[in-house]
Amino acid sequence: MVAPASVSKQLFSVTLRVWRQAGPTQPGQFVDYPAANVSPDMSFLECLDVVNDGLTVANDEPIAFAHDCREGICGTCSCTINGKPHGPGHGIATCQLYMRTFKDGDIIVVEPFRARAFPLIKDLVTDRSAFDKIQQAGGFISVRTGAAPDANSIPVPKEDADLAMDAATCIGCGACVAACKNASAMLFVAAKVSHLGLLPQGQPERDRRVLAMVQTMDEAGFGNCTNQYECSAVCPKLIPHDFIARMNRDYVKALFKSQFQPVSASTGGGA
Ligand code: SF4
Ligand code: FES
């Protein structure tokens with residue numbers, strides 16, 4: 001009898017070298033956890049689950065890590081694996097990384113995203129609410145909801161619609177910040193600014209949006225872009241760094257205009 005393909009695959013062993021830190025003010029350190037009988041078809045988070053099951057049974061504190069959708073949508077599963085945000089894959093989030101990426105005997109180093117604006121909460125979990133504040137500053141359009149107009153009533157050029165969609169794929173994971181030597185959030189903010197700035201519905205608040213979001217980004221303690229483009233190299237949605245130049249152009253134009261006429265105040269988000 002021929003074994004099913006999934007059973008015939010070779011199980012292997014790795015060591016997870018994980019950053020453990022009980023809290024923001026506690027000292028942290030790397031701790032090694034052996035993981036045996038790892039299937040190449042396991043996701044990386046499932047491997048962490050199995051290690052945590054063992055820790056729980058042994059009455060040890062499980063490794064704290066963030067996750068939600070486990071399918072590359074929510075942007076929650078942020079950690080750095082072998083020195084790269086979201087690990088060695090390309091165009092994927094941590095939850096989409098499979099253990100077949102590694103080989104028997106590998107030591108896999110897992111640590112939280114490290115950036116001043118993302119303070120550590122515990123182990124691999126960081127506080128990325130700075131992104132929420134930037135979004136709340138302008139990442140919306142102020143319209144009455146509940147009576148959506150026909151989708152075809154406002155024509156949008158195909159090229160603009162495609163670009164807006166590219167920008168809208170940002171899942172707010174923060175990998176761009178973690179990869180940048182300056183901990184710059186410009187790829188994230190550029191994606192959010194451009195997504196709405198490319199669409200007709202985003203025009204009335206375009207100037208106010210870019211000014212408010214950039215100001216909030218600066219206040220949150222993110223660094224500046226120095227054109228290294230590590231951000232787009234690790235972005236799970238492969239958002240191109242061209243959006244940063246687009247945001248800079250929008251910002252300069254809005255700043256110039258604001259010298260001559262006051263930029264309209266926010267009327268609140270989407271209510
Ligand atoms: S731009 Fe890419 S890396 Fe940055 S938050 Fe958005 S999805 Fe994540
Ligand atoms: S858990 Fe949602 S993107 Fe990874």
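## A guided tour of the model

Helices (H or I, at least four residues) and strands (E, at least two) are DSSP runs, numbered from the N terminus. The model is predicted: local features need pLDDT of at least 70 and side-chain atom pairs count only at pLDDT 80 or more, while totals for chains, interfaces and linings use all residues. Residues are numbered from 1 along each chain as its sequence is written, and chains are lettered from A and ligands numbered from 1 in the order in which they are written.

**The helix pair**

Two packed helices are described by the angle between their axes and the distance between the axes. Helix H4 covers residues 158-168, and its axis lies 8 Å from that of H6 at an angle of about 145 degrees. Axes are lines fitted to C-alpha atoms, for helices over the stretch in contact, and angles run from 0 to 180 degrees between N-to-C directions.

Next, select Ala164, Ala167 and Ala168 of H4 together with Ala191, Ser194 and His195 of H6, which make the contact. Two residues are in contact if their C-beta atoms, placed from the backbone, lie within 7 Å. By class, the residues of this contact are 4 nonpolar, 2 polar and no charged. Here Ala, Val, Leu, Ile, Met, Phe, Trp, Tyr, Cys and Pro count as nonpolar, Asp, Glu, Lys and Arg as charged, and the others, Gly among them, as polar.

**The ligand**

Now select ligand 1, which 14 residues surround, each with its C-beta atom, placed from the backbone, within 6 Å. Cys170, Cys173, Ala175, Cys176 and Cys235 are the closest. Helices H5 (175-179) and H6 (186-197) each give two or more residues to this shell, and H6 has the largest share, with 3 residues. The shell divides into 11 nonpolar, 2 polar and 1 charged residues.

**The domains**

Colour residues 11-122 as domain 1 and 129-258 as domain 2; these bounds come from an automatic or database domain assignment. The domain centres, taken over C-alpha atoms, are 29 Å apart. Across the boundary, 18 residues of domain 1 are in contact with 16 residues of domain 2. On the domain 1 side, 9 of the touching residues are nonpolar, 6 polar and 3 charged.

**The whole protein**
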